[in-house]
Structure formats: C-alpha cells, structure tokens
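Work through the exercises below with the model open beside you. Try each task before reading its solution.

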Amino acid sequence: MRHGVDREGNYLYPAFPYTAFTRVTDEDMKALYAFLMTEPAVSNEAPKTALNFPFNVRRGLALWNALYLEPGEQPAPANQSGEWVRGAYLVEGLGHCAACHSPRNQFGAEKKGADHLAGAFIDGWDAPALNDKAVAPLPWTREDLVRYMQTGFSERHGVAAGPMAPVIEGLSHQSAEDINAMATYLMSYRKPVADAAGAGDAQALVKEKTEVAKLPVDAQGYRLYQGACMACHRADPSGVLAGSSFGVRPQLSLNTNLYSDSPTNAIHVVLNGITQPARPQLGTMPAFRHNLSDDQIATLLNTMRSQYGLQPWAGLSDKVKALREETRPGKVAAH
C-alpha cells in the first residue's frame, strides 16, 4: 500500500494505485486490514501473472518509484480548513480520484500541476476533468458535486455511467461529512461560483437550447430523436428537469457528455445503454446497438450537437463503428 511491493518482494505496477494509497494513515491502514479479515475465507487460486518482455522484468519499477512515488502521509497545508484537509485526504488517498481523472506521461505516471485532475482516457471511457478544464453547459457547483457523489445524478449535468457507476455505489455509503469534504476540496480546483445567478438557470438554458429547431424540422436526426429519445428525454415545458415515474430522465441539452470534445461517452451510452445504474433508483436506459446503425447514431448525436449550438463531431460514424466492435458482447466476454 505504501511502496508498491507485494509480500513476495515483487514490485507492483501502478495499475494498483499505491501511489495514492501511500497517503493513507496508519490508523486507516489497520482499519482496512481489520475489515478485510472479517470477510469469509474462500478457496481460490489467483491466476498467474503472464507479462511479456520487458514488462515481466519488474526491477525497473524501483527506478520508476524513485522518480514518481512520494511514499508516506503528506503534510496538511496550514492555511486550509479542516474540511479541505479531510477532502484532500479522501480524494488524493483512499478515493484515488486522480488515478482515472489525471492524464499520464509516457511512463505511466500521473501528470501534476495544471494537469492534475484535468481528465484522461481509461478503460475505454473519457474520465472528465475535475478542475477548471471541465466542459459543461452549466458550471458545477458544490451542491451539484455533493448530490452527484451521493446519488450518481445531477439534474444540471447528467447521470453516472460506465466505470463511474460502481464508484458512485461506493460513495453513496459514505458519510455526509466526508462527501461534503470531498466536494470542498474538488471545488478548490474550480473557479468559485459566487451566487445562484453565477450557477446559471438550468431551465432557462433548456428553453434556449430547445425552443427553436436549428435544422429543418423533418431532418433525419430529429426523426431519430423522436423515435428513440423523446419519450424519456423531451424538453419539459412545465419546468421539470428530470421528472419520471421510474428512475430519472435527464435533459439532453444539459448533458455534459454531449458538450465534450470527445464523443466516446455519448457513443457508449447510446450503443450499450445503462443496464447497471450506479443506484437502482436512477433506473436504466436501453441499448440501441441493435436498433440503430452507425450512421444513424452519428446523425442523431451530431443533430443534438447542432441543436445545442455545438460543432458536429468529425468522423463520427467511423468512431461509432469502432466502438461498436470494441464493445461487442461476444468480444467482451471472450476477454
């Protein structure tokens, strides 16, 4: 946990996030061990690690650790509040948020400085920036972050999906004090939202983005939206951002994924749906991989981009085709 060395003396690759866990206090290390030892024993032989040369030569990781590992607990800044310090400990240590949300250099080490929490690509998904580089139609507020971490949903931004869903499931069990501390720390990486006006009027933005059609009303993208999306994601004139009898139905005009420079997450969700939500209360979304072609999904997504005043994603049909193959159920099972 501190040095990335297993009990047989082998160096671990930082895919196991010991570079974050090294910050965990002795007391919490002991508590984690005590908890794990209460779990029932099972009879299981772990699969043998089989790495090709040169990755099977792990001694080189000693040099990597010398360059990039800062072992042990980190001193708390004297000029920060106790809540901020607690949030930093959880985000940078036990939560290891940067393991997914920070880009890495050519040697696999997390980038620091302005690149810390600036977003990355991992497990086939885009992990969005958690700092001021985040792209969203409305600014994230502290309240947005708290609700998102507790429930997996923000009316002003969207729903947790993909690798983030199990993270939310874990966060939902944390205390309100710890979730608020994490939000306080993460908001310190963003420009502060001074007041409610600065946070933006979500319903006004929905009206602005959807009141007038930006393309001919019989455009294929609109027809696809009406057939596949509108039953759940229509712009509600009554002012309800995500009302539904079962689960949540967020407004697409507020969805962060559609404003991203990368279409990866949006393609994932349309192709494969959300069958395992972060929390059951969020409900599910059907997959459209068997209902819509690559060109139809590309047309649908780029129509939404155009409607919301954004440039269409270039080469989108080819990207849908590639991601469809990468996530083909038989292929995933084979791996």
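This is a predicted model: local features need pLDDT of at least 70, side-chain atom pairs count only at pLDDT 80 or more; totals for chains, interfaces and linings use all residues.

Residues are numbered from 1 along each chain as its sequence is written, and side-chain values use heavy atoms, with hydrogens and water left out.

**Exercise 1. Confidence**

Task: State the average pLDDT of the chain, and find the elements with the lowest and highest mean pLDDT.

Solution: 
1. pLDDT is the predictor's confidence in each residue, from 0 to 100.
2. The chain average is 92, and 95% of the residues score at least 70.
3. Elements come from DSSP runs: helices (H or I, at least four residues) and strands (E, at least two), numbered from the N terminus.
4. Helix α17 (residues 329–334) has the lowest mean, 64. Helix α15 (residues 294–307) has the highest, 98.

**Exercise 2. A loop histidine**

Task: Locate H157. Is H157 buried or exposed?

Solution: 
1. H157 sits in the loop between β3 (153–154) and β4 (158–159).
2. Buried means under 20% relative accessible area, exposed over 50%, and partly exposed in between (1.4 Å probe, protein chains only).
3. H157 has 4% relative accessibility, so H157 counts as buried.
4. Contact means heavy atoms within 4.5 Å. Leaving aside neighbours within four places in sequence, the contacts of H157 include W140, D144, L254 and N255.

**Exercise 3. The faces of α10**

Task: Which residues of helix α10 (residues 202–210) are buried? Why do they line one face?

Solution: 
1. The buried residues are A202, L205, V206 and K209.
2. Seen down the axis of α10, they fall within an arc of 105°, so they line one face. The arc is that of the directions from the helix axis to the C-beta atoms.
3. The face turned away from the buried side carries exposed K207 and E208.
4. Cover for the buried residues of α10 includes α13 (256–259) and α15.
5. D201 caps the N-terminal end of α10: a side-chain oxygen lies 3.1 Å from the backbone nitrogen of Q203.

**Exercise 4. Aromatic pairs**

Task: Classify the pairs W64–Y68 and Y185–Y189.

Solution: 
1. Rings of Phe, Tyr and Trp (its six-membered ring) pair if their centres lie within 6.5 Å; planes under 30 degrees apart count as stacked, over 60 as edge-to-face and the rest as tilted.
2. This rule gives 6 aromatic pairs.
3. The W64 and Y68 ring centres are 5.2 Å apart with planes at 55°, so this pair is tilted.
4. Both residues lie in helix α3 (residues 60–68), 4 residues apart, about one turn of the helix.
5. The Y185 and Y189 ring centres are 5.4 Å apart with planes at 75°, so this pair is edge-to-face.
6. Y185 is buried at 4%, while Y189 is partly exposed at 26%.
7. Ring pairs link W84, Y185 and Y189 into a cluster.

Terms used: A polar contact is a pair of N or O atoms within 3.5 Å; within protein, one must be able to donate a hydrogen and the other to accept it, and residues adjacent in sequence count only if both atoms are side-chain atoms.
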